[in-house]
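Please look over the sequence and the structure before reading on.

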Number of protein chains: 2
Amino acid sequence: MIYTVGEIANKLNIAPSTIRYYDKEGLIPFVERSSGGIRMFKDSDFEWLSIIECLKQTGMSIKEIKTFIDWCMQGDETISQRKALIEKQREIILEQIKQMQETLAMLDYKTWYYETAEKAGTCKIHETFSEEDIPEEFRDAYKRAKGYFIKNNI
Amino acid sequence: MIYTVGEIANKLNIAPSTIRYYDKEGLIPFVERSSGGIRMFKDSDFEWLSIIECLKQTGMSIKEIKTFIDWCMQGDETISQRKALIEKQREIILEQIKQMQETLAMLDYKTWYYETAEKAGTCKIHETFSEEDIPEEFRDAYKRAKGYFIKNNI
DNA sequence: ATACAACTTAAAGTTAACTTTAAGTCAATA
DNA sequence: TATTGACTTAAAGTTAACTTTAAGTTGTAT
């Protein structure tokens with residue numbers, strides 16, 4: 001099965017210009033052309049584009065993805081480099097998830113904060129609370145917020 | 001206690017130019033000036049900047065943060081808007097964490113994949129595996145990867 | 001009084017990852 | 001064969017969130 005850039009863009013729900021851009025940046029060096037110069041995508045190219053999408057999700061830049069693709073092109077001799085790169089990305093994602101969970105905890109606390117403020121009609125109600133008045137699940141975020149959110153009635 | 005832009009930038013570990021930029025964008029309308037025009041930060045302004053940093057962590061743009069700050073300036077009458085905004089950010093973060101956890105699962109699988117390939121000396125080893133050969137914790141990611149990563153020996 | 005580091009502004013520059021535009025070519029259909 | 005929609009390229013434009021530059025001012029220390 002052969003696809004044009006428009007067809008594959010449609011299937012992957014990305015813009016044709018994006019795929020042409022990836023091509024220009026060397027992310028899909030294996031895509032063949034017709035005698036007239038039109039890109040002819042095979043199913044395996046389609047799959048490569050899925051991989052690129054996946055790697056983007058891991059926070060890799062276009063340049064890093066190109067490095068990875070180049071290594072893939074070289075075959076089994078680059079397995080250890082690829083492994084190291086994947087492990088690096090894994091560490092990055094782990095750190096990001098940790099950071100996001102802290103942010104989520106703060107937002108959970110703030111949601112409760114505004115629910116309480118809404119009921120009372122004022123944010124000032126929170127000045128009257130001490131640690132024991134805060135629901136346990138929000139206490140850690142509360143301690144972090146105390147210094148600025150609460151002092152400033154935000 | 002009063003701080004200059006350089007002092008506060010140092011304390012928050014951000015560039016002075018960033019703080020000036022935030023000022024220009026209306027994120028810190030409450031900061032006062034000396035008769036000569038120099039910004040004079042108070043401790044509460046310092047705290048506001050901490051809040052801005054926190055909101056940025058939630059993925060809010062400068063424009064959205066400005067909206068939020070403007071609402072804060074208006075006082076208790078904007079509590080419900082602020083609550084809605086925080087709840088919206090919470091939903092966004094929740095979705096992002098979910099996405100990241102899927103990506104992490106894929107990277108965990110890929111780490112195992114390359115460890116195995118490294119031992120075997122080739123990625124082709126994975127063509128010989130069927131679902132039961134994959135460690136259980138990687139099976140979901142394996143099913144997603146099967147279509148493209150494995151077929152292409154990546 | 002003078003030096004000098006740190007402040008001020010407006011405006012231009014940076015970066016990544018695209019997107020748009022313009023001018024032209026290809027290939028399928030009437 | 002002519003039309004037409006989708007393709008091609010190079011180059012310029014876009015966006016957000018800063019950063020840098022240039023020219024000038026402030027305020028503290030000697």
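This is a predicted model: local features need pLDDT of at least 70, side-chain atom pairs count only at pLDDT 80 or more; totals for chains, interfaces and linings use all residues.

Residues are numbered from 1 along each chain as its sequence is written, chains are lettered from A and ligands numbered from 1 in the order in which they are written, and side-chain values use heavy atoms, with hydrogens and water left out.

Two packed helices are described by the angle between their axes and the distance between the axes. Axes are lines fitted to C-alpha atoms, for helices over the stretch in contact, and angles run from 0 to 180 degrees between N-to-C directions. Helices (H or I, at least four residues) and strands (E, at least two) are DSSP runs, numbered from the N terminus.

In chain A, helix H1 (residues 5-12) packs on helix H3 (residues 43-57) at about 45°, and their axes lie 11 Å apart. H1(A) and H3(A) are therefore oblique to each other; angles under 35 degrees count as roughly parallel, over 145 as roughly antiparallel, 65 to 115 as roughly perpendicular and the rest as oblique. On the H1(A) side, A:Ile8, A:Lys11 and A:Leu12 meet A:Phe46, A:Leu49 and A:Ser50 of H3(A), where contact means heavy atoms within 4.5 Å.

In chain B, helix H1 (residues 5-12) and helix H3 (residues 43-57) pack at an angle of about 45°, with 11 Å between their axes. H1(B) and H3(B) are therefore oblique. Their contact is formed by B:Ile8, B:Lys11 and B:Leu12 of H1(B) together with B:Phe46, B:Leu49 and B:Ser50 of H3(B).

How many residues of chain B are in contact with chain A? There are 47, and they touch 47 residues of chain A. The two chains bury about 4400 Å² between them, 70% of it on carbon and sulfur atoms. Buried area is the accessible area (1.4 Å probe) that two parts lose on being put together, summed over both. B:Met100, B:Leu107 and B:Tyr114 supply 14% of the area that chain B buries against chain A, more than any other three residues.

A salt bridge is a side-chain nitrogen of Lys or Arg within 4 Å of a carboxyl oxygen of Asp or Glu. Over all chains there are 22 salt bridges, and four are counted between chain B and chain A. A:Glu118 and B:Lys83 form a salt bridge at 3.1 Å, N to O.
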